[in-house]
Amino acid sequence: MHRIDGFHGSDMAVTEKGIRIVYLELGGGSVVSGNSATRYGGGIRVDNHVETVVAARSVIEDNFSGRGGGGMSVEKISNVTLVGGSQLSILAESSPEFFPDVTSPGVFLTEGSTLVGKPGSVFTENYAVYSAGHIYVAFSNLTLVGSWLSWGSTLGAGGGVCLGGSSTAIIRNCTISESYAVGNGGGFTVSASQLLLEDTWLHGNAAGINGGAVQAYAANVSLVGCTAASNAAEGAGGAVWAGQGMILELRTTNVTNSTAADGAGIALSSDVAEVTISEVTLENGKAQRGGAIFLHPHSEPGVTLFSQLSFCNNTAGVGENIYWVCPQNFSAAAQPTCSGCVHPEGTSLFVTDAVRYEVLQDGAALQAEGARAASGTVLSPAAMYVALDFYGNVTALP
């Protein structure tokens, strides 16, 4: 057992002048607490091809840094393994007397490095200003198995994990819970990287903009055998939001009790590259548009494939199951489809915005293709008219 506490410096590094450390091990039950660094690695800085093992029951907590890694910074092709039972309760927040502009996440992982969390590893109560409450990953690799990440927060994006810069993350049999981002991605924010979530529980995460559990763009993201429960976004995608250039796969996953303005469960933004959602249950979602799924105009059927979906007890102002925004240049070919999907009797599987208006006056019909064209039409004040969507459902006026 080791105890390291009360230090402050420019970096709390595992390398010293004149000495090259290539391996560091914190013995079982070690504590790294109350340390600080002006730049990187408030608790530990692992830099330049260093192998580090944090043994079982070790705790890294209440450390601070000004730029990256309040608890730990891992840089330049270094590798860290967290043995089961180690806990990073890093609380990487600002100490005003030292770091008035702190940006630090709990763990800062960059420059070709690797972090492996073995079963029983815990990340809790970590905070960062700009992004990634728990773990920031850039040009590096993250693997977590049987780990627990909870109560991460940030004023930026990625309350739990921020994954960017051609990074790869494999998250298997983990719990990601109660994390919050003022921006996008309460649990995860992902860009230009690959993320696999497998047999993982995403619970109670929230975002101030999009993607309560996961927000991603120009990335490759898969959720397989997961449960996303009670996640929320003030914008779109209470559980998952996928943006431009996304390759997204959801398979054998349950999405339940999610809330958002658009797409309580899933929201697909414009110009997604490829989306496959299969054998997914979406239930008890609540939104203004799309109680389960929301589709942007350019979420075209050629790249968006739905099959074997089950919808139950979703509610919305319009489109209790799937709501899609009609493209400006509307054609029948733009209609999305869902193969083998099941939805409650008395509900519509798909609802879209108004594509034509029918005037209930002397039996006359107003022909107006496209909501945007129709909205510019001037009708007599005495005219009674109704807006219909592509499927003939009465829908809200634009």
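Let me start with Asn-321, which sits in the loop between strand S42 (315–318) and strand S43 (322–324); strands here are DSSP runs of E of at least two residues, helices are runs of H or I of at least four residues, and both are numbered from the N terminus. Asn-321 is buried, at a relative accessible area of 2%, where buried means under 20%, exposed over 50% and partly exposed in between, with a 1.4 Å probe and protein chains only. If we set aside neighbours within four places in sequence, the contacts of Asn-321 include Gly-290, Gly-291, Ala-292 and Ile-293, and also His-343, Pro-344 and Leu-349, contact being defined as heavy atoms within 4.5 Å.

Before going on, please keep in mind that this is a predicted model, in which local features need pLDDT of at least 70 and side-chain atom pairs count only at pLDDT 80 or more, while totals for chains, interfaces and linings use all residues. Residues are numbered from 1 along each chain as its sequence is written, and side-chain values use heavy atoms, with hydrogens and water left out.

Now to the chain as a whole. Its secondary structure comes to 1 helix and 47 strands, and of its 398 residues 54% count as buried. Among contacts between residues at least 6 apart in sequence, 83% join residues at least 24 apart.

Let me return to Ile-293, one of the contacts of Asn-321. In the largest nonpolar core, which has 65 residues, Ile-293 is among those that touch the most other members, as are Ile-135, Leu-142, Ile-171, Phe-188, Val-221 and Phe-306; such a core is a set of buried Ala, Val, Leu, Ile, Met, Phe, Trp, Tyr and Cys residues joined through side-chain atoms within 4.5 Å. Strand S37 (residues 274–283) gives the most to this core, with 4 residues. A second, separate core of 8 residues includes Ala-236, Trp-241, Val-318 and Val-325.

Leu-248, in strand S34 (residues 247–256), is buried with a relative accessible area of 3%. Leaving out residues up to four places away in sequence, Leu-248 touches Val-221, Val-240, Ala-242, Leu-268, Glu-274, Val-275 and Thr-276.

Finally, the aromatic residues. How many aromatic pairs does a search of the whole structure find? There are 3, counting rings of Phe, Tyr and Trp (its six-membered ring) whose centres lie within 6.5 Å, with planes under 30 degrees apart called stacked, over 60 edge-to-face and the rest tilted. Phe-108 and Tyr-136 form a stacked pair, 5.4 Å centre to centre with 10° between the planes. Because Phe-108 lies in strand S13 (residues 107–110) and Tyr-136 in strand S17 (residues 135–138), this pair ties together parts that are 28 residues apart in sequence. Phe-108 counts as buried at 14% relative accessibility, whereas Tyr-136, at 25%, counts as partly exposed. Ring pairs link these two residues and Tyr-40 into a cluster.
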